[in-house]
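I opened a new page for this model. I want to note what I looked up, one item at a time.

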Amino acid sequence: MALTFDRLTKDTIAAIATAMSESGIGIVRISGPEAVDTADRIIVNKKNEHVLKTWKTNSIHYGFVVDREGEIIDEVMVSLMLSPHSYTTEDTVEINTHGGVYLMHRVLDLVLESGARMAEPGEFTRRAFLNGRIDLSRAEAVMDLISSRNEFSRKVSLAQLKGSLSEKVKELRSSIIYEIAFIESALDDPDSYDLEDYPEKLEKICLDLRDQMNGLLQHADEGRILREGIRTVIVGKPNAGKSSLLNYMAGEDLAIVTDVAGTTRDTINESVRMNGVLLNLTDTAGIRDTEDKVERIGIQKTMEAVERADLILFLIDSSSPLSAEDRDIAEMICQEMKEGKKCIVLLNKNDLEAGTDERAVRDLFIHKETEPLFLSCSLSTGDGLERLSQNISSMFKSGEILQQNEVLLTNMRHKKAVEEARDSIGMVLDSIRMGMTEDFFSMDLMNAYESLGKITGESVEDDLVEEIFSRFCLGK
Ligand SMILES: Nc1nc2c(ncn2[C@@H]2O[C@H](COP(=O)(O)OP(=O)(O)OP(=O)(O)O)[C@@H](O)[C@H]2O)c(=O)[nH]1
Ligand SMILES: [Mg+2]
């Protein structure tokens with residue numbers, strides 16, 4: 001349902017801002033032009049007086065919530081934040097109730113009866129955006145901060161909330177708009193501006209802009225990895241030891257391990273932390289040719305997990321000779337590695353008598369541009385597993401990225417916008433090299449400018465804004 005702009009900013013809205021569970025306190029938040037009046041009708045002080053309107057901004061008071069008959073519903077603390085010094089920049093009242101689910105709802109109902117409308121998910125933050133307090137990338141950072149599940153993710157989101165990405169985008173946009181303005185002025189008033197050496201100058205600027213955008217994009221995947229963890233898939237033929245590896249890494253028996261080939265028939269997911277790196281692990285059904293319907297669906301899911309992965313852990317049972325299945329899997333991995341995926345090949349079961357050796361395994365990947373890493377290990381004795389975790393963390397060097405304090409793109413939407421802008425700058429460069437006239441430059445420069453504006457929300461369509469905010473939780 002689309003909200004009209006008026007409803008978006010003129011209504012007074014309310015929602016429970018805390019979790020819907022029994023807890024110490026619960027907060028009912030009210031924001032909008034009528035917030036103070038709405039709250040005043042149901043809040044009284046110790047002397048049973050309605051005095052909320054006399055309070056100063058940014059103050060917190062002891063009192064009671066009462067219903068229409070004057071019956072006390074709860075003992076509360078009430079904070080008052082008058083416009084523009086609040087989250088939404090509107091008049092805001094927050095009622096801190098005792099944290100019972102029923103109680104919070106009862107208070108919210110009274111607030112709604114008293115004149116407020118129920119807020120939509122993300123509507124408070126959307127108002128902060130519409131009222132110009134934060135830009136879109138910051139609003140999204142709020143959401144990321146709430147949903148962050150690890151320290152890296154928290155840090156990156158907070159940096160974005162403070163505006164690190166917005167600043168960078170502003171900087172890029174302002175140098176682009178400067179050139180557009182220069183071209184337009186020169187075309188309008190050729191006597192005052194000289195375009196003689198301009199293409200060479202613009203070429204340098206565009207090369208620099210493109211480098212900066214590529215720099216942002218280079219770290220985009222790392223940014224996502226920091227936020228969400230490394231998508232890691234464990235593959236191999238049946239009985240290679242995949243589920244044993246999952247259990248080892250998770251530190252508990254999540255998957256069934258047996259000597260029956262084809263034990264795991266569905267994918268199993270688990271997040272684990274290794275040397276400070278977050279891994280989203282997927283154990284899969286062993287890949288083989290099978291008539292079993294369930295197992296075949298499992299294998300299909302394995303393939304899909306491989307496509308989504310950042311890192312592939314390929315398990316080989318080194319106690320038996322390499323099989324056609326191993327070759328097929330290696331072939332598939334080679335394809336994936338061409339697209340920049342990383343892979344570690346584990347020669348498992350080194351506690352048993354060897355049925356194959358590292359050279360034979362390496363031969364599976366011979367003649368390929370990039371080689372995976374080969375490690376020998378045993379999930380029975382634990383040999384080689386320490387090296388595995390060290391190698392994974394050094395492969396993704398997550399700690400280092402953050403220390404450099406770089407601006408990180410962590411959001412797919414932002415990444416796409418930067419890609420578009422970079423491509424438009426590429427078109428400007430093409431036009432310069434082809435000796436086109438200046439008006440061609442400004443057209444593509446404008447496209448780059450617009451694309452970057454999508455990140456901060458200066459050039460996005462309303463329905464996208466709607467879509468973004470609807471992903472927020474209620475009360476934020
Ligand atoms: N000796 C030895 N046995 C191992 C090792 N790793 C796994 N195993 C055994 O190999 C068998 C298969 O292990 P799983 O972890 O179930 O193998 P899987 O790859 O998940 O097998 P599927 O789910 O059937 O595809 C079990 O009996 C394990 O105990 C190892 O390093 N050494
Ligand atoms: Mg298994």
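**Contacts and overall form.** I started with contact range. Of the contacts between residues at least 6 apart in sequence, 69% join residues at least 24 apart. The model is a predicted one, so I read every value as computed from it. I counted secondary structure next and got 18 helices and 13 strands. Then I looked up the radius of gyration. The protein has 29 Å, whereas a compact globule of 476 residues would have one near 23 Å. The C-alpha trace spans about 85 × 75 × 40 Å along the principal axes. On burial, 38% of the 476 residues count as buried.

**Domains.** I checked the domain assignment. It gives domain 1 as 5-133, domain 2 as 140-219 + 409-457, and domain 3 as 231-401. I took one distance here: the C-alpha centres of domain 1 and domain 3 lie 53 Å apart.

**Sheet with seven strands.** I traced an open sheet in the order β3-β4-β5-β6-β2-β1-β7, with mixed pairing. Which strands stand at its edges? They are β3 (43-44) and β7 (117-118); each has a single partner strand, so one side of each is left without a neighbour in the sheet. Inside the order I looked at β1 (residues 13-16) and β2 (residues 23-31). They run antiparallel and are joined by four bridges. Ile16 stands opposite Val28 in β2.

Most residues other than glycine have a negative phi, and most peptide bonds are trans. Asn48 is not a glycine, yet its phi is positive, about 65 degrees. I placed Asn48 in the loop between β3 and β4 (59-66). Is Asn48 buried or exposed? It counts as exposed, because 11 C-beta neighbours lie inside 10 Å and the cut-off for exposed is 12 or fewer. Next came a cis peptide bond, which joins Ser83 and Pro84 with omega about 5 degrees. Pro84 is in the loop between β5 (72-81) and β6 (92-99).

I picked Leu110 in helix α3 (residues 101-113). Leu110 is buried, because 24 other C-beta atoms lie within 10 Å. I left aside its neighbours within four places in sequence and found Leu110 in contact with Ile42, Val65, Asp67 and Ile73. Leu110 and Ile73 are 37 residues apart in sequence, and 9.7 Å apart in space, C-alpha to C-alpha. I then went to helix α4 (residues 123-130), where seven of the eight residues are buried. The buried residues include charged names that I flagged: Glu123, Arg126 and Arg127. Gly132 follows α4, and its phi is positive, near 85 degrees.

**Strand β10 and its partners.** I moved on to β10 (residues 277-283). It is mostly covered, with six of its seven residues buried. Strand β8 (residues 230-236) pairs with β10 in the parallel sense over five bridges. Val233 stands opposite Thr282 in β10. Strand β9 (residues 268-274) runs antiparallel to β10, and seven bridges join the two. Arg273 has Leu278 in β10 as its bridge partner.

**Ala305.** Ala305 counts as buried because it has 21 C-beta neighbours inside 10 Å, and 20 or more is the cut-off. Beyond its neighbours within four places in sequence, Ala305 is in contact with Val233, Thr267, Thr282 and Thr284. Ala305 and Val233 are 72 residues apart in sequence but 6.6 Å apart in space, C-alpha to C-alpha.

Asn239 is in the loop between β8 and α10. Its phi is positive, about 75 degrees, although it is not a glycine. Asn239 is buried, because 21 other C-beta atoms lie within 10 Å. I then listed the surroundings of ligand 1. There are 23 residues around it, and the closest are Gly241, Ser243, Ser244, Thr264 and Gly286. Which helix gives the most to this shell? Helix α10 (residues 242-250) does, with three residues. By type, the shell divides into 13 polar, six nonpolar and four charged residues.

Key. Residues numbered from 1 in each chain as written. Chains lettered and ligands numbered in written order. Predicted model: local features only at pLDDT ≥ 70, side-chain atom pairs only at ≥ 80, totals over all residues. Rg over C-alpha atoms; globule rule 2.2 N^0.38 Å. Contact = placed C-beta atoms within 7 Å. Near = placed C-beta within 6 Å. Domains from an automatic or database assignment. Pairing = 2+ DSSP bridges.
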